[in-house]
Amino acid sequence: MKTPDHYHPITITPCKGRVSVLSNGVLVARSDAALLLEEAKYAPVIYIPRSDIRIEHYVRSEHQSHCPYKGDANYFSLDINGQRSQNTVWTYEHPYRAVAQIKGHVAFNADKVTFETAVAQG
């Protein structure tokens, strides 16, 4: 386990407004409580609470990965109208303490889904 520092920073902040996630034009998640994880030189990643996903489209896969800063990730494929997008979604079910905020959230491969955002008015 590695701890984020000034050489490898990780910040987690709330997203402003509503975030919708679509796969092949079908809504698979929508949240007003999404998080934005920014890690070192990587592209930012949006994490959606699992309570805000459309679970009927998610199929747990056997794929796993490990991040020395976040922990072990488990994956889901998305099944949309009989077409499966393999390992498109991941979750850290037991994230390391430094990123504990992402527990109970899922993230998406940005090359396989479309994000739509709506900034809250007020």
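1. Thr11 lies in strand S1, which covers residues 10-14. Strands (E, at least two residues) and helices (H or I, at least four) are DSSP runs numbered from the N terminus. The model is a predicted one, in which local features need pLDDT of at least 70, side-chain atom pairs count only at pLDDT 80 or more, and totals for chains, interfaces and linings use all residues. Residue numbers start from 1 along each chain as its sequence is written, and side-chain values use heavy atoms, with hydrogens and water left out.

2. Thr11 has a relative accessibility of 39%, so it counts as partly exposed. Buried means under 20% relative accessible area, exposed means over 50%, and partly exposed is in between (1.4 Å probe, protein chains only). Neighbours within four places in sequence aside, Thr11 is in contact with Leu36, Leu37 and Glu38; contact means heavy atoms within 4.5 Å. Leu37 is 26 residues from Thr11 in sequence, while their C-alpha atoms are 5.7 Å apart in space.

3. The protein has ten strands and zero helices. Its radius of gyration is 14 Å, close to the 14 Å that the globule rule gives for 122 residues, so the protein is as compact as a globular protein of that length. The radius is taken over C-alpha atoms, and the rule is 2.2 Å times the number of residues to the power 0.38. Along the principal axes, the C-alpha trace spans about 45 × 45 × 25 Å.

4. Of the 122 residues, 43% are buried. Among contacts between residues at least 6 apart in sequence, 50% join residues at least 24 apart.

5. The largest nonpolar core holds 17 residues, and Val21, Ile48, Tyr58 and Phe108 have the most contacts inside it. Such a core is a set of buried Ala, Val, Leu, Ile, Met, Phe, Trp, Tyr and Cys residues joined through side-chain atoms within 4.5 Å. Two or more residues come from each of strands S2 (18-23), S3 (26-31), S5 (45-49), S7 (71-80) and S9 (105-108). S7 gives the largest share, three residues. A second, separate core has 15 residues, among them Ile10, Cys67, Tyr92 and Ala107.

6. Which residues does Phe108 contact, leaving aside its neighbours within four places in sequence? The partners of Phe108 include Val21, Ile48 and Tyr58, along with Val28, Ala29, Ile46, Thr88, Val89, Trp90, Val113 and Phe115.
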